[in-house]
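Open the structure in your viewer and keep the selection tool at hand.

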Amino acid sequence: MKREYAIIIKNKTRLESLIERFNTKAQAKFYIESSGGNFQEYVDEHEKFHQSFLEVQTKLSKVIKNKVIEREFVPSYIFSENNLIVVVGQDGLVANVAKYSKNIPIVAINPDEERYDGVLLPFTVKNFLNGVNAVLNEKFSSKKMRFAEAVLNDGQKLLAVNDLFIGISSHSSARYKIILNGKEETHSSSGIIVSTKTGSTGWLSSIFNMAFGILGETKLQYPKLKEDDLYFAVREPFKSIRTQTDICGGKLKKGNKLVIESLMPNNGFIFSDGIEQDFLQFNSGAMAEIKLSDEEAVLVTN
């Protein structure tokens, strides 16, 4: 298949978001510094990103035609099978783009190795053309990224590369029924995290870190997940006359599912990958099936 266009996807830097919020760079600087913050850190991060981004554009333009799409437009952008996706940014941007990629190869670039861990960023500004050329020659290696999937009883669907959160948008308790392998409980909790293997080093790990801090690491072990596994964890479940706490976590193997019935009259929602704008409303009357999706993304590795 001939790749005709590379779609470069980027996000706003923190500095750009600040300027958008405060109208000018000077006003943003005043706000940060008057609060005791280091404004220069925002400037340095911004300049490093755009230096890397310009280098990516310059190099890529010598190999394939390309255009730039901002992260906010990705959900509505229709990718073609003749595209190649090039992501320049943090791991979270890769996760967000992957949900809309429709099996199109993704070359993910770490623009700032001193600031970003790059778990989902196999390439740097210096070597990313290796991945691009491998895709153009149809000789690339890749990692398949499996999604967690929430499907509501009205047919709406939400995918997550890292994790799904099922809960409430305020700090009050989430109320719901949870059904697993025929067993049902009523819960009052801070919500449920459902993690993929890809996301298991993120939000899910923080739940185990908290437990380790309380009980000690000898009492617990991090879950060892396969690519086809999901893991769910109930956050801060409350036990009472009307609520139970036996179904609080465990693996969801391929073909298995978790069923959640909302008991929240309002403000209930499901969001994915830590991005609250990617959400489904989940109020009383809604039921969600949580399972491994049949869809997947293709992350180029070399």
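Start by selecting K157 and E149, which form a salt bridge with their closest N and O atoms 3.8 Å apart. A salt bridge here is a side-chain nitrogen of Lys or Arg within 4 Å of a carboxyl oxygen of Asp or Glu. The model is predicted: local features need pLDDT of at least 70, side-chain atom pairs count only at pLDDT 80 or more, and totals for chains, interfaces and linings use all residues. Residues are numbered from 1 along each chain as its sequence is written, and side-chain values use heavy atoms, with hydrogens and water left out.

Now colour the pair by accessibility. E149 is buried at 7% relative accessibility, while K157 is partly exposed at 42% (buried is under 20% relative accessible area, exposed over 50%, partly exposed in between, with a 1.4 Å probe and protein chains only).

Next, select K257 and E289. Their salt bridge has its closest N and O atoms 3.0 Å apart. This pair links distant parts of the chain, 32 residues apart: K257 is in the loop between β13 (249–252) and β14 (258–262), and E289 is in strand β17 (residues 287–300). Strands are DSSP runs (E, at least two residues), numbered from the N terminus. K257 is partly exposed, at 36%, and E289 is also partly exposed, at 29%.

Last, select K10 and E70, a salt bridge with its closest N and O atoms 2.8 Å apart. K10 lies in strand β1 (residues 5–10) and E70 in strand β2 (residues 66–70), 60 residues apart. K10 is buried at 6%; E70 is partly exposed at 23%.

The structure holds 19 salt bridges.

Definitions and conventions:
Helices (H or I, at least four residues) and strands (E, at least two) are DSSP runs, numbered from the N terminus.
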